[in-house]
Amino acid sequence: MADIAETLANRIDERKQDKVGILEFTNDTGLGELLGANFGALGKWCTDEFERRLMDAGMDRFSIVDQRKLQNASKAVGFQLDDLGS
């Protein structure tokens, strides 16, 4: 996780992005993938730990959007996982 966070932090810095969002883990349901699904303690821990490691690797070169704000904004505009490619 630390290696991925450092690599991603470097890419964010190269692209001169000042703010990034960390999407929560998803759950594959009968209707497709569900953003922000309930993974119990492990899923939440992984999301939080990755965010922490990314912030550490970023060394204040960028900020991370609050997870709740990102999730609420995503829901408000009808964001779907298929939209990631676009």
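This is a predicted model: local features need pLDDT of at least 70, side-chain atom pairs count only at pLDDT 80 or more; totals for chains, interfaces and linings use all residues.
**View 1. Helix α1 from end to end.** Here's helix α1, which covers residues 2–14 and so counts 13 residues. Its first and last C-alpha atoms lie 18 Å apart, close to the expected 18 Å at 1.5 Å a residue; that expected span is 1.5 Å times one less than the number of residues. Helices here are DSSP runs of H or I with at least four residues, strands are runs of E with at least two, and both are numbered from the N terminus. Residues are numbered from 1 along each chain as its sequence is written, and side-chain values use heavy atoms, with hydrogens and water left out.

View 2. Look for A5, A9 and I12, which are buried. Buried means under 20% relative accessible area, exposed means over 50%, and partly exposed is in between (1.4 Å probe, protein chains only). Seen down the axis of α1, the buried residues fall within an arc of 65 degrees, so they line one face of the helix. The arc is taken from the directions from the helix axis to the C-beta atoms. Over on the other side of α1, D3, I4 and E14 are exposed.

**View 3. R53 in helix α2.** R53 sits in α2, residues 40–58, and is partly exposed, at 29% relative accessible area. Leaving aside residues up to four places away in sequence, R53 touches M1, A2 and A5, where a contact means heavy atoms within 4.5 Å. The C-alpha atoms of R53 and A9 are 9.5 Å apart, though the two residues are separated by 44 residues along the chain.

**View 4. Q67 in helix α3.** Now find Q67 in α3, residues 67–76. Q67 is buried, with a relative accessible area of 8%. Its side chain makes a 3.3 Å polar contact with the side chain of D48. Not counting residues up to four places away in sequence, Q67 touches I22, E24, K44, T47, D48 and E51.

Definitions and conventions. A polar contact is a pair of N or O atoms within 3.5 Å; within protein, one must be able to donate a hydrogen and the other to accept it, and residues adjacent in sequence count only if both atoms are side-chain atoms.
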